[in-house]
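Dear colleague,

I am passing on a structure that will be new to you, and I would be glad if you could look through it alongside the notes in this message.

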Amino acid sequence: MAKSGLEDILPLSPLQEGMLFHNLFDDEELDAYNVQVFIELEGNTDPERLRRAGQALLERHANLRAAFRHEGLKRPVQLIPRRADLPWGEEDLAAVPEEEREAAAERIAERDRWTRFDLSRPPLIRFSLVRLAPGRHRLLMTLHHILLDGWSMPILLRELMTLYTVHGDATALPRVRPYRDYLGWLGGRDRDAARQAWTDAFTGFDTPSIVAPDRGALTSAPERIDFSEDEAASAALTRFARSDGLTVNTVIQGAWGLVLSHLTGRDDVVFGVTVSGRPPELPGVDTMVGLFMNTLPLRVRLRPAESLAEFLRRTQSEQARLIDHQWVGLAEIQRWAGSGELFDTAMVFENYPLNSSRGRPPGAAADAGLPTVLKVHSKDQMHYPLGLLALPRETLRFSLGYLPQVFDARRVRAVVAAFRRALRTILDSPQTRVGAVTLLDPEVRGTVLEKWSGSDDVRPAERFTDLFEEQVARTPAKTALIAPDGRLTYAELDAAANRLARRLVELGVGPERPVAVAVPRRTELVVGMLAVLKAGGAYVPIDPEYPPDRVRYMIEDSDPALVLTTSDVDARIREESGGPLTFVMDDPGTGRSLARHSGIGLTDADRSGPLLPGHPAYIIYTSGTTGRPKGVVVEHRALSAFVRHCRSSQAPDISGLSVMQASASLDRSVGSLHAPLISGGCVRLTDLRALAETAVGEPGFRRATFMKGTPSHLALLTTMPEDVSPSGTITLGGEELRGEILAPWRATVPDVTVVNVYGPTEATGHCLEHWIDPGRPVPPGPVPIGTPHEGVRVYVLDAALRPVAPGLDGEVYLAGVQLARGYLGRGGLTAERFPADPFGAPGSRMYRTGDLAHWTEAGELVFAGRVDRQVKLRGYRLELGELEAAVMAGPGVRQAAVVLREDQPGDQRLVAYVVPDGDRWDDAAVTPGWPARCPTS
């Protein structure tokens, strides 16, 4: 552009800057900001005269000639040339067969609509006149949205037809108030006040409202579904809004906020809204042509106890505080809010003046031989994955636009149905609590709550000891246990446990009495746990390798009747146990004492009281958000239900040789020890490295048929001899399993069945399973955690305990027979985490896991993260707050933050970031103490 041809250089409005960014971001994708207007003309239409009218529009409005430049500039500018020629094209379809004509015209329009503009080459507007038949024409005006907004369009069209009437003589129109006046007004705004207002509005907002995180570039034309309300509903909406001091826009925004909360599972959501942006203090602004509108984030906070009417009034009041600051650009607001993208859905309330361009051109005499405008309509689209357009007319009309590359029409129709339910609930029952609004389709609700959620266990509750003793009777001579210190058959294991159990009864052990078992991987570990169960007590497994502070806390908190140990760890455990008696199981004196007791199984007459299925079987400690581990109390009926399921579902592999390589302090040990022992299996106590050495050095080494591990173990197994991996089934849990992590190991042992399992300690072992048979391909990405097995119910709920639709993340709640009793000595926390089950029988409970997941269309769950700061690493459930407290306990640490990083796939590591406390920091003194203070080693 020659310098002499330049009329003006102008800044950009905030929305123009945003549109320029989107245009430049990917110049290969479709430009969603192309707008097309169709003007249907009937009568005598002179193409040249119409072209001159369009040219006169360009000459009249300088900003329609704008070119946008950014290269080498701190801020982009729009250059206004003195003249720009109007791109003009003509097509004649009069000779096309009538039945094919409309389709041909549509092809011309679509081609023109999606031909990109180069924003640096003006003008960003073009006209095409399509002759459909003698006396019938269609004028296509295609332009880039960066030039003007919807309010401007009727003004522009009226001027176009007036200029046609007067043969392009612009003096017949009032003087233009230039767009540069508005840009000058923008430059005088109080930026500091705006920053404070928007910062206050987004205080505490921490999670963007994103419905399509992987939408990618726009590769196909956006589509839309149109729908409307009848006259009665439209009138009711207007009456309700007026009676409650609300605008119709606020009511529709509130309904969309309810839908977005439903889609995201969050009660603090943000979506984009448009404002006219025309300042009333600027005279003549209502007749100006240009881009005044602005897209702003609207934050909607839903409080479950609030009525819908109260929610709408509060939302409108919160937005009223921002009216004076609606000129700010979205990018700047996002910076002030401390966020990147805040939202990816929008809601537009189209309240600009109605089009009045139909009929004959203004000022035309009845016999002037001028065309009549039969119809004016437009095609535009949002670039958002979901965008609701509201058109307030005699009846309310809506259009829900969507990106077909992200959403299919079926899902969009479900969103439409949810919106209509939200709107209808507001109108019919405005006093309904927000938390009681149900937007899920009734049929879908039935599917997720009845078909997919699982079933109750109809079998009688049992004691684990009975299941074990029944197996002893079936296979007394079969080897039950292989440990570094020896082997035991089922009969030998049972007799040893019975003798110890009788001694424990003498020492006061019985139902509801905990007994700590602090024994390494030895036969005494299993004998001790079984003996406690047979005596009626609840065993508390304590890994002797745990940090001393954690061992001490677990013993103090569980207050055991005594602590079972072995001589190799007794001194250390005795020091930590403080008060409780330590019972050294391998002491020679203990052996002589136990030999005097009968090895016959105990009955309730031998115990201090009857052992019932509702009595505790074990207490396993998990991490706590406050730095205090929690003792999870699991009853016999829950344990029995779980191991019975394992026996039936994992046969025959669980009846072969199983490897228990997990610490007994982890609930993962239940599935690899207790389940095989009621199934006739043999359990080898070892760790993977020791197992690898055994596989190489032991003559006649017997390969395991069953193993339970975590996804993190796969990389280690891949480096070991093939015989270390099981030959039949491996169950993986404790952390997220991904296809790309599974694939390398699976390639080395293609005949092994993989079961991805899910279940927290509070739900006994695991309660959901996804089976992967040999030969079944597994794509990269998250592997589903599956479906609930018998006796387990699973719900995916939002913050108001409402079921969420398939594909949407919600919090996982578990119910059924495998639920733990609760947390030892922590009634308040138990009540908080085990609330009443609103979908179960009266008096039933459910467990709030804190995990996020979503249903697939096949009815399986996929893990999607946490609602808190808990992480899982190699099967350990860790609270980052607990770890940070451990790091902060060190000398010279002022602040600490701990994160779980995975810089290489499958290689997860905890990393602590610290702020030293001045001169007190001593790297050599501080870091060596961290492992001892951390909850796990």
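Predicted model: local features only at pLDDT ≥ 70, side-chain atom pairs only at ≥ 80, totals over all residues.

In it, 9 strands form an open sheet with mixed pairing, in the order S16-S15-S24-S23-S25-S26-S27-S28-S29. Strand S16 (486–489) and strand S29 (787–788) stand at the edges, and because each has a single partner strand, one side of each is left without a neighbour in the sheet. Helix H20, which spans residues 668–677, packs on this sheet and touches S15, S23, S24 and S25, while its direction makes about 150° with that of S23. Strands S15 (residues 479–483) and S24 (residues 682–685) run parallel and are joined by 2 bridges, and Leu-481 has Val-683 in S24 as its bridge partner.

Turning to the cores, the largest nonpolar core holds 208 residues, of which Ile-252, Trp-256, Phe-419 and Leu-564 touch the most other members. Leaving aside neighbours within four places in sequence, Phe-419 is in contact with Phe-227, Ile-252, Ala-255, Trp-256, Val-259, Leu-388 and Phe-398. Apart from this core lies another, of 26 residues, which includes Ala-692, Ala-704, Ile-730 and Val-754.

Finally, the structure holds 0 disulfides. The cysteine sulfur closest to that of Cys-646 belongs to Cys-767, and because the two are 11 Å apart, they are too far for a bond. Cys-646 counts as buried, at 1% relative accessibility, and Cys-767 is buried with a relative accessible area of 1%.

With kind regards

How values were computed
Residues numbered from 1 in each chain as written. Heavy atoms only, no water. Disulfide = S-S within 2.5 Å. Buried < 20%, exposed > 50% of the residue type's maximum accessible area, 1.4 Å probe, protein only. Core = buried A, V, L, I, M, F, W, Y, C linked by side-chain atoms within 4.5 Å. Contact = heavy atoms within 4.5 Å. Pairing = 2+ DSSP bridges. Helix = DSSP H or I, 4+ residues; strand = E, 2+ residues; numbered from the N terminus. Axes fitted to C-alpha atoms, helices over the stretch in contact; angles between N-to-C directions.
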